[in-house]
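Trainee: I have a model open and want to learn how to read it. Where do we begin?

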Amino acid sequence: MPKISQWFIGSAVIYVIVGMIGGIIMGAKQDFSLAPAHAHLNLIGWVSLALMGFYYNANRDKAESRLATIQFWVSTVGLWIMIPGLVLTLRMVPVGEPIVIAGSIITLMGMILFAVSIFRSAPRRV
Ligand code: HEM
C-alpha cells in the first residue's frame, strides 16, 4: 500500500476511535449537544479520509504525486480546525464560529484538491 494511503487510512481509524469514544460518552451522559461534532468527525475524518486512502491505493501513480501529499495535509488541517471550532460553537463560545468557518473552507479546499487529483491525468513515470 502506498505511504499516502497508510497516512489517510491510519489517521482515519484514529478519528473514528475518538469519534466512537465521544459517541459512547454522549450516550452515557445522555447529553447529545455535541452530536454534530461527533457526526462530522466520523463522516469527514473516518469515511471521507479512508475513502481517499483507498482511492490512492487503487491509483498508485496518483498516490506518488505531490498533489496527494498536499491534499492529505489540507484535508487534515481542515479537520483539525473544523472539529474544535464546531465543538466551541455548539458550546456557545463565540470564537468558535470563525474557527469552524475557516476549518470548513479548508476542508472544502481539501476535497476540491482531491477532485483535481481524480480528474487530472496520472503523472508520467520517469
Ligand atoms: C461506538 C460507536 C458510536 C456511538 C456509541 C455513537 C453514538 C451516537 C450518539 C449517542 C448520537 C446522538 C444521537 C441523538 O442525537 O439522539 C450519534 C449521532 C450520530 N452519529 Fe454516532 N456513534 C457511533 C459511531 C458513529 C459512526 C462510525 C458514524 C459515521 C460514520 C456516526 C455518525 C453519526 C451521525 C451522522 C449522527 C447524527 C448526528 C446529529 O444528529 O447531529 N456515528 N451517535
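Mentor: Begin with exposure. A residue is buried under 20% relative accessible area, exposed over 50%, and partly exposed in between. Take W73: at 41% relative accessibility, W73 counts as partly exposed. Keep in mind that this is a predicted model.

Trainee: Which residues does the W73 ring pair with, and in what geometry?

Mentor: Two numbers decide that: the distance between ring centres and the angle between planes. Planes over 60 degrees apart count as edge-to-face. A search of the whole structure finds nine aromatic pairs. In one of them, Y55 and Y56 have ring centres 5.6 Å apart and planes at 75°, so this pair is edge-to-face. W73 and W80 also make a pair: their centres are 6.3 Å apart and their planes lie at 70°, so they are edge-to-face too.

Trainee: Are Y55 and Y56 buried or exposed?

Mentor: Use the cut-off again. Y55 has a relative accessible area of 18%, so Y55 is buried. Y56 has 0%, and therefore counts as buried.

Trainee: Which residues do the ring pairs link into a cluster?

Mentor: Follow the pairs from ring to ring. The cluster holds W7, F8, Y55, Y56, F72, W73, W80 and F114.

Trainee: Now the nonpolar core. How many residues does the largest one have, and which have the most contacts inside it?

Mentor: The largest nonpolar core here has 21 residues. I4, F8, L49, Y56 and L79 have the most contacts inside it. Helix 1, helix 2, helix 4 and helix 5 each supply at least two residues of this core. Helix 2 gives the largest share, eight residues.

Trainee: What should I look for in the backbone angles?

Mentor: Start from the general rule. Most residues other than glycine have a negative phi. Then look for exceptions. Q30 has a positive phi of about 55° although it is not a glycine. M92 has one of about 65°, and is not a glycine either.

Trainee: Where are Q30 and M92 found?

Mentor: Q30 is in the loop between helix 1 (3–29) and helix 2. Its relative accessible area is 58%, so Q30 is exposed. M92 is in the loop between helix 4 (66–90) and helix 5 (96–119). At 71% relative accessible area, M92 is exposed.

Trainee: What else is in the loop between helix 4 and helix 5?

Mentor: P94 is found there. P94 is exposed, with a relative accessible area of 70%. Compare sequence and space for P94 and P2: they are 92 residues apart in sequence and 41 Å apart in space, C-alpha to C-alpha.

Key
Residues numbered from 1 in each chain as written. Predicted model: local features only at pLDDT ≥ 70, side-chain atom pairs only at ≥ 80, totals over all residues. Heavy atoms only, no water. Helix = DSSP H or I, 4+ residues; strand = E, 2+ residues; numbered from the N terminus. Buried < 20%, exposed > 50% of the residue type's maximum accessible area, 1.4 Å probe, protein only. Phe/Tyr/Trp six-rings, centres within 6.5 Å; stacked < 30°, edge-to-face > 60°. Core = buried A, V, L, I, M, F, W, Y, C linked by side-chain atoms within 4.5 Å.
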